[in-house]
Amino acid sequence: MFQVLVALADGEKHGYGVIKEVARRTDGKVRLRAATLYTVIRRFVDDGFIQESTARPDPALDDERRRYYRLTDRGRAVAVAEARRMAECFDTLEPDRAR
């Protein structure tokens with residue numbers, strides 16, 4: 001779910017664009033399926049983390065059936081807070097020491 005927020009952090013994307021961006025950012029380690037992604041998208045729209053964009057690309061350059069999503073201020077705050085939380089988790093780990 002965090003990866004979806006991060007994928008939208010640099011601008012609006014349609015669902016397949018989010019799937020590709022997550023795969024790119026994780027070097028293919030995270031592969032979202034469409035059903036999983038759209039479940040997350042519905043939840044994030046309901047929670048106010050993302051919203052569907054009203055701006056559309058030129059119809060000649062894009063499929064009109066695609067829906068584009070963007071991160072809201074609330075979604076950005078949640079992503080930043082989660083990134084900080086994850087960093088703090090790593091800060092609490094002690095380095096592996098030779099015995």
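What order do the three strands of the open sheet have, and is the pairing parallel or antiparallel?

Reply: Keep in mind that this is a predicted model. The open sheet puts its three strands in the order S1-S3-S2, and the pairing is antiparallel. Strand S1 (13-14) and S2 are the edge strands, each pairing on one side only. In general, strands of a sheet pair through backbone hydrogen bonds, in either a parallel or an antiparallel way.

Now zoom in on S2 and S3. These two run antiparallel and are joined by three bridges. Across that pairing, Ile-50 stands opposite Leu-71 in S3.

Step off the end of S2 and you get to Ser-53, in the loop between strand S2 (50-52) and strand S3 (68-71). Ser-53 has a relative accessible area of 5%, so it counts as buried, the cut-off being under 20%. Its side chain makes a polar contact of 3.4 Å with the side chain of Arg-70. Leaving aside neighbours within four places in sequence, Ser-53 is in contact with Glu-12, Tyr-68, Tyr-69 and Arg-70.

For a contrast, look at another loop, the one between helix H2 (15-25) and helix H3 (34-47), where Asp-27 lies. Asp-27 has a relative accessible area of 65%, so it counts as exposed, which takes over 50%. Its backbone deserves a look too: Asp-27 has a positive phi of about 50° although it is not a glycine. Most residues other than glycine have a negative phi.

Terms used:
Residues numbered from 1 in each chain as written. Predicted model: local features only at pLDDT ≥ 70, side-chain atom pairs only at ≥ 80, totals over all residues. Heavy atoms only, no water. Helix = DSSP H or I, 4+ residues; strand = E, 2+ residues; numbered from the N terminus. Buried < 20%, exposed > 50% of the residue type's maximum accessible area, 1.4 Å probe, protein only. Polar contact = N/O pair within 3.5 Å; in protein donor to acceptor, adjacent residues only side chain to side chain. Contact = heavy atoms within 4.5 Å. Pairing = 2+ DSSP bridges.
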